[in-house]
Amino acid sequence: MFDNLSDKLDKALHVLKGHGSITEVNVAETLKEVRRALIDADVNFKTAKDFTNRVKEKALGQNVLTSLQPGQLMVKLVKDELTELMGGDATGIDLSGSPSVILMSGLQGSGKTTFSGKLANYLKTKKTKKPLLVACDVYRPAAIDQLHVVGDAIKVEVYSDRDEKNPVKIAQDGIAFAKANGHNVVIIDTAGRLAVDEAMMTEIKEVHKAIQPQETLFVVDSMTGQDAVNTAKAFNDILNFDGVILTKLDGDTRGGAAISIKSVVDKPIKFIGTGEKMEAIDVFYPSRMADRILG
Ligand code: GDP
């Protein structure tokens, strides 16, 4: 995960690590390399620039040059800033409703259905909840089938209604079904499109308004780089979602989305998807990710 970025940051910071004393020029050059590594990893230019400026300010504030281990201190400052950039503390999801309703949003192919299953499985096994999955994609019968396959695999019930063409009604009926059958979490999988379009946005907005979910999660494929951030912006503008799910972090992603999404939409990444299997879900801990990136 993020091997390339890791290597580049390691190289950039390596110069400083062994030094007993470093100069202002060392710091400036290192930060330039750090910025370059971030931009190469698909972090947008402004985010990368602001990042290195903040590290520089902190380095000045903490008198890095005259400190005992200036190299180590610089590495720590970069790590702390990376953690902060990715969201600071980990944030959970709100399970206080009865039932708690979680609305999934995102483009087609982002991994919504897979993640809905993973989340249901996670809540069932780790939090001893009784989830219900609701299939709200009224356009693709295959999407309903897919959710049923996922539900069967993890032994979680799925609510669907192949005759109903109004996703708002299906979502409402699904919640009523959950209440009647003792489910305390409802995960609503919605229809995505290949790109942001008005019809999809209007539909998800209507579902959101009608059911007032405790949590609205935006699912995005981390492999899509800068596009991931742009799509997040578009969805956040209309849904003001609560958190981001970053999928396919097991793939050949450069990592830019993980690093810059928080700073662009100011919403935390809550979970990550790290594979196709139902167990491939992790709570997102910014500090652990920063540790992983900086080795
Ligand atoms: P949806 O259209 O948003 O519901 O997306 P799907 O859940 O159908 O996922 C699209 C494809 O991505 C499927 O082939 C999934 O198996 C795959 N996928 C989803 N999440 C992950 C992940 O975290 N890692 C990998 N490698 N593949 C994933």
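Contact here means heavy atoms within 4.5 Å. This is a predicted model, in which local features need pLDDT of at least 70, side-chain atom pairs count only at pLDDT 80 or more, and totals for chains, interfaces and linings use all residues. Residues are numbered from 1 along each chain as its sequence is written, and side-chain values use heavy atoms, leaving out hydrogens and water.

Let's start with Thr 83. Leaving aside residues up to four places away in sequence, Thr 83 touches Gly 88, Pro 286, Ser 287 and Ala 290. Thr 83 sits in helix 4 (residues 70-85); helices are DSSP runs of H or I with at least four residues, and strands are runs of E with at least two, numbered from the N terminus. Thr 83 counts as buried because its relative accessibility is 14% (buried is under 20% relative accessible area, exposed over 50%, partly exposed in between, with a 1.4 Å probe and protein chains only).

Here are two C-alpha separations to check in your viewer.

| Pair | C-alpha distance |
|---|---|
| Thr 83 and Leu 95 | 26 Å |
| Ends of residues 268-281 | 16 Å |

Thr 83 and Leu 95 are twelve residues apart in sequence. For residues 268-281, the unreviewed UniProt entry gives the feature "domain: SRP54-type proteins GTP-binding"; such annotations may be inferred rather than shown by experiment. That stretch is 0% helix and 43% strand.

Now for a helix pair. Helix 5 (residues 112-126) meets helix 6 (residues 141-154) through residues including Ala 120 and Lys 124 on helix 5, and Leu 147 and Val 150 on helix 6. The residues of this contact divide into four nonpolar, six polar and one charged (Ala, Val, Leu, Ile, Met, Phe, Trp, Tyr, Cys and Pro count as nonpolar, Asp, Glu, Lys and Arg as charged, and the others, Gly among them, as polar).
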